[in-house]
Amino acid sequence: MPPRLTVHLLAVGHCRHVERMALRGGRLRTIVFPSIAVLLLHPQRGAILYDTGYADHFTAATRPFPERLHRWLTPMTLPPAATLVQQLAGFGLAPADVHTCLISHFHADHIAGLKDLTGARFVALRADHAAMRSASRLGGLRRGMLPALLPSDFDARLAFADDAPQRDLGVAFRAFGSGHDLFGDGSALAVALPGHTPGQMGLRLRDQDDREVLLCADACWSAAAWREHRPPSRLAGLIMHDWGRYRRTLQQLHELGRADASLVILPSHCEASRLDYERRRGSA
Ligand SMILES: [Zn+2]
């Protein structure tokens, strides 16, 4: 039986958006979008992260023009007590203790803390890395990418999830193809969730309470989106790599949730999902 991972959902800073942008039929008021970093504790390997959320490096990376436009469009809020470094300390961990950081995709609000993880190797899907490296300064910025957030030796520390052994994901996941066994023990399977970016990487695992979990990053922005199959506004579609592919992935998530009601689907920016998961910890 594959090892169970202990999952902690850490809200590492947030920004605000009008709800209707993120959810068709939503309200016109602004709501908080936390940037969730997921701390995964592997019984043998120790601390793993899935994304980092925001970090103060974001402020430095958005100081020059045109990068400052990113800060103006999505101002970050990150109280000192909410930094990843502070939250890891609450688990008795230093940033250097994180041995692997799995990167869902290269948007700034998911990777801003990579420079703090001095002891980590990185894992991403090849298509996303290629898109990030081939983008022009302006083109990348328009797509929400800030390469200045990457450590200078990033590529030397990067492994591609595509190169990990393939695993069958089971009947309910059939539409998603096969997974990639990132640690060779079945504990964490990479699942391609394309559309938001070319190679967005979701993660399927079993948690401390033996629940099956899918971390789905920005394949949707709320539980209502996958449950009720409600896409974002067409305007939000402008930041998507491939709107049609995004819609298809959302449809597949919706069908997956219906096919497997016990599966816990966790988007990266849904505070209600995060609170619900943390509240039910240990009750399964
Ligand atoms: Zn994103």
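This is a predicted model: local features need pLDDT of at least 70, side-chain atom pairs count only at pLDDT 80 or more; totals for chains, interfaces and linings use all residues.

Entry 1: I looked up helix 9, residues 243-259. At 1.5 Å a residue, its 17 residues should span 24 Å, and its end C-alpha atoms are 24 Å apart, so the two agree. Next I asked which residues of helix 9 are buried. They are Tyr246, Thr249, Leu250 and Leu253. Seen down the axis of helix 9, the buried residues fall within an arc of 100°, so they line one face of the helix. On the other side, I found Gly244 and Arg258 exposed. What covers the buried residues of helix 9? The cover includes strand 11 (212-217), helix 8 (223-227) and strand 12.

Entry 2: Six strands form an open sheet, in the order 7-8-9-10-11-12, with mixed pairing. Its edge strands are strand 7 (166-167) and strand 12 (264-267), and each pairs on one side only.

**Entry 3: strand 9.** I then turned to strand 9, residues 188-192. Is strand 9 mostly covered or mostly open? It is mostly covered, as five of its five residues are buried. In a regular strand the side chains alternate between the two faces of the sheet. I checked each side of strand 9. Ala188, Ala190 and Ala192 are buried on one side, and Leu189 and Val191 are buried on the other.

**Entry 4: the neighbours of strand 9.** Strand 8 (residues 179-181) runs antiparallel to strand 9, and two bridges join them. Ala190 in strand 9 is the bridge partner of His180. The hairpin of these two strands has six residues between the strands, and there Gly184 takes a positive phi near 70°. Then I looked at strand 10, residues 201-206. It pairs with strand 9 in the antiparallel sense, over five bridges. Val191 has Gly202 in strand 10 as its bridge partner. Ala188 stands opposite Leu205 in strand 10.

**Entry 5: the core.** How many residues does the largest nonpolar core have? It has 75. Val38, Leu102 and Cys216 have the most contacts inside it. I followed up Cys216. Leaving out residues up to four places away in sequence, Cys216 touches Leu193, Gly202, Leu253, Ile265, Leu266 and Pro267. Two of these names were already in my notes: Leu253 is a buried residue of helix 9, and Gly202 is the bridge partner of Val191.

How values were computed. Residues are numbered from 1 along each chain as its sequence is written. A nonpolar core is a set of buried Ala, Val, Leu, Ile, Met, Phe, Trp, Tyr and Cys residues joined through C-beta atoms within 7 Å. A residue is buried if 20 or more other C-beta atoms lie within 10 Å of its own, exposed if 12 or fewer, and partly exposed in between; C-beta atoms are placed from the backbone. Two residues are in contact if their C-beta atoms, placed from the backbone, lie within 7 Å. Helices (H or I, at least four residues) and strands (E, at least two) are DSSP runs, numbered from the N terminus. Two strands pair if DSSP finds at least two bridges between them. The expected span of a helix is 1.5 Å times one less than its number of residues. The arc is that of the directions from the helix axis to the C-beta atoms.
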